Amino acid sequence: MESGSVTEATATLTKECWWRDLLALSWDLGTYHGSERITSLLDVHVRQARPTRFELDAGFEPHPIEGGVEGVFTFETTTAWCRGVARLTQVDGGWRASTVMTGMEDVKGHERALGSRRPIGPRHVEGARSTHNWKDQRLVDVSFADREPDVVVIGAGQGGLAVAANLTLMGLDTLVLEKSERVGDGWRKRYHSLVLHDPVWADHLPYLPFPDSWPIYSAKDKIADWFEFYAEAMELNVWTEADMFDSSYDAGDGRWTLRIRTPHGERVVRPQDVILATGAAAEVNLPEVPGRDRFAGVTYHSSAHTSGADWSGKKVVVIGAGNSAHDIVQDLFESGADVTLVQRSSTYIMSQEFGIPALFGANFVEGGPPTEYADLMASATPWPLVLEYAVEGTKATAALDADLLASLDAVGFRRNDGPDGTGLMGYALARGGGYYIDVGCSRLIAERKVSLVQGAGLAEFTDAGVRLTDGREIDADLVVLATGYKNMRETARRLFGDEVADRCPPVLGIDEDGEISGLYRRTGAPGFWFMAGPLAWVRIYSKHLALQITARQKGVVPR
């Protein structure tokens with residue numbers, strides 16, 4: 001690589017090697033499989049990027065893995081500081097790389113303010129005396145009264161906060177808009193019993209890990225309060241109760257014009273880039289069902305559910321059988337409601353006890369590698385290979401969950417193994433739903449404490465409840481439509497119009513480049529980006545998204 005010899009570089013690889021480049025060589029996210037495609041990557045980009053100074057990463061020793069050795073290396077290019085991961089296997093008596101990841105860490109000249117570049121703090125710099133203290137200056141910074149933001153992020157959930165933290169540390173003046181009253185309300189206002197399913201080791205936000213006392217699985221109010229604290233601690237510029245209601249893009253000067261309603265009146269800002277970070281669960285899928293206006297009871301989408309406490313002794317029907325549906329059914333049952341779950345199609349089921357450790361492996365566990373290296377290891381496996389590995393992982397988890405799954409089969413609950421046998425990971429990448437991580441509701445179904453109606457959808461509402469597509473009628477005081485969410489591109493359509501949305505790909509699914517469609521890279525609409533995903537994804541890829549925007553705004557690469 002240092003010599004620029006594509007032939008010599010490819011000679012160090014297996015014929016079926018996977019090479020994933022995260023901006024370091026190509027200024028894009030992409031996966032390359034096999035000698036021909038990797039040669040094309042290196043032919044085009046190695047001579048341009050001119051990578052040099054390859055060294056083993058001093059902070060992480062190479063170590064054995066199944067079938068070989070794994071190690072982390074550092075290098076630099078003409079424009080960036082980079083890190084990579086190589087997994088080596090023995091071929092014909094010699095060592096060859098079976099997977100390689102090359103990833104950008106920092107843009108040269110615009111490095112994140114970390115370590116030795118820590119700011120000195122107010123009132124400790126000669127000539128910097130002022131009647132303003134730190135708090136005064138923060139109010140000025142957040143107001144944007146005398147300047148335009150470089151970037152506007154719409155949504156202060158995990159994706160918005162993570163990318164704003166990275167952008168801020170890279171030197172871009174960033175404004176975050178949050179429609180709710182408080183940062184964290186996206187979690188705080190959800191149903192009362194909600195608890196995260198991902199373990200704490202995977203859920204740290206960038207630069208500010210949870211304290212050691214943090215529970216393995218976070219309650220929604222705890223995570224909401226942490227988000228609020230994070231925004232303050234990282235000095236992110238957030239406007240709450242801020243509703244962006246009109247937008248336009250001027251290709252001539254490369255800026256957006258955003259009109260925003262705030263508690264202090266209407267504001268207009270003109271950033272160069274806009275990041276839609278409202279998440280994949282922002283646009284509810286609420287089907288039009290005949291007879292809803294004549295139903296004597298209450299009906300709402302699962303996103304509007306708060307607590308089952310008000311429904312004790314009442315009859316409730318929940319339409320749908322994904323995570324939210326199961327959690328809400330359990331909440332209602334434990335509150336004393338008579339609950340019926342209507343399962344329209346099959347669901348992938350795994351237990352939290354066995355499924356979560358299998359899903360997160362040795363990287364995100366107690367005593368595992370530091371988060372920065374765990375993230376490198378995770379991103380070093382291309383998504384198509386993740387799905388390939390997921391097939392065996394799904395089988396292994398099912399074997400451990402055999403008793404649970406058999407108990408569901410016995411009552412007629414319909415299960416599947418995920419798309420092409422890939423389990424939860426396949427569903428998460430394809431659509432962000434279609435599965436349930438069992439934390440107790442499966443037992444309620446298996447023991448018939450919750451009624452199960454299977455194989456039919458909702459045809460219409462009646463005066464007293466619902467009629468299903470097979471003609472069965474169920475009485476209900478409450479009907480919860482756990483019918484999922486529309487694609488995030490439809491949020492872009494609602495907020496930015498057809499012209500922007502039609503230029504963007506759908507969000508989720510693996511695209512032709514082997515990456516998650518729509519997320520963390522150029523969308524096709526100028527100056528417009530999507531940011532979404534679980535906490536582990538947004539921690540890793542918020543950096544890559546911020547690096548792309550920083551490089552373009554600072555003139556390192558063309559816009």
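**Close-up views of a predicted model**

**View 1. A network of salt bridges.** Glu-181, Arg-182, Asp-185, Arg-188, Lys-189, Asp-225 and Glu-228 are joined to one another through a network of salt bridges. The model shown here and in the other views is predicted. Across the whole structure, 42 salt bridges are found. Side chains of opposite charge can pair when their charged atoms come close.

**View 2. The salt bridge between Lys-543 and Glu-105.** The closest N and O atoms of Lys-543 and Glu-105 are 2.9 Å apart, and the two residues form a salt bridge. Lys-543 counts as buried because its relative accessibility is 14%, under the 20% limit. Glu-105 is likewise buried, with a relative accessible area of 14%.

**View 3. The salt bridge between Arg-294 and Asp-463.** A salt bridge joins the side chains of Arg-294 and Asp-463, with an N to O distance of 3.5 Å. This pair also links distant parts of the chain, 169 residues apart. Arg-294 sits in the loop between β14 (273-276) and β15 (298-301), and Asp-463 in the loop between β21 (458-461) and β22 (465-468). Arg-294 has a relative accessibility of 40% and counts as partly exposed.

View 4. Glu-392 and Lys-395 form a salt bridge in which the closest N and O atoms are 3.6 Å apart. Both residues lie in helix α10 (residues 383-400), 3 residues apart, which is about one turn of the helix. Glu-392 is exposed, at 52% relative accessibility. Lys-395 is exposed as well, at 52% relative accessibility.

View 5. Arg-83 is part of strand β6 and is buried, with a relative accessible area of 13%. Its side chain makes a polar contact of 2.9 Å with the side chain of Asp-57. Leaving aside neighbours within four places in sequence, the residues in contact with Arg-83 include Phe-73, Thr-74, Phe-75, Met-101, Thr-102 and Gly-103. Glu-105, the salt-bridge partner of Lys-543, is also among the contacts of Arg-83, as are Glu-372, Tyr-373 and Leu-376.

**View 6. Packing of helix α9.** In helix α9 (residues 371-379), the buried residues are Tyr-373, Ala-374, Asp-375, Leu-376, Met-377 and Ser-379. The buried residues of α9 pack against strands β1 (13-22), β5 (68-76), β6 (80-91) and β7, and against helix α16.

View 7. Five strands form an open sheet in the order β15-β24-β16-β17-β20, with parallel pairing. The edges are β15 and β20 (451-454); each has a single partner strand, so one side of each is left without a neighbour in the sheet. On average, neighbouring strands of this sheet are turned by 20° against each other, direction ignored. Strands β16 (residues 315-319) and β24 (residues 478-481) pair in the parallel sense over 4 bridges. Val-316 stands opposite Leu-478 in β24. Helix α7 (residues 323-334) lies across β16, β17 (338-343) and β24, and runs at about 165° to β17.

Conventions. Residues are numbered from 1 along each chain as its sequence is written. This is a predicted model: local features need pLDDT of at least 70, side-chain atom pairs count only at pLDDT 80 or more; totals for chains, interfaces and linings use all residues. Side-chain values use heavy atoms; hydrogens and water are left out. A salt bridge is a side-chain nitrogen of Lys or Arg within 4 Å of a carboxyl oxygen of Asp or Glu. Buried means under 20% relative accessible area, exposed over 50%, partly exposed in between (1.4 Å probe, protein chains only). Helices (H or I, at least four residues) and strands (E, at least two) are DSSP runs, numbered from the N terminus. Contact means heavy atoms within 4.5 Å. Two strands pair if DSSP finds at least two bridges between them. Axes are lines fitted to C-alpha atoms, for helices over the stretch in contact, and angles run from 0 to 180 degrees between N-to-C directions. A polar contact is a pair of N or O atoms within 3.5 Å; within protein, one must be able to donate a hydrogen and the other to accept it, and residues adjacent in sequence count only if both atoms are side-chain atoms.
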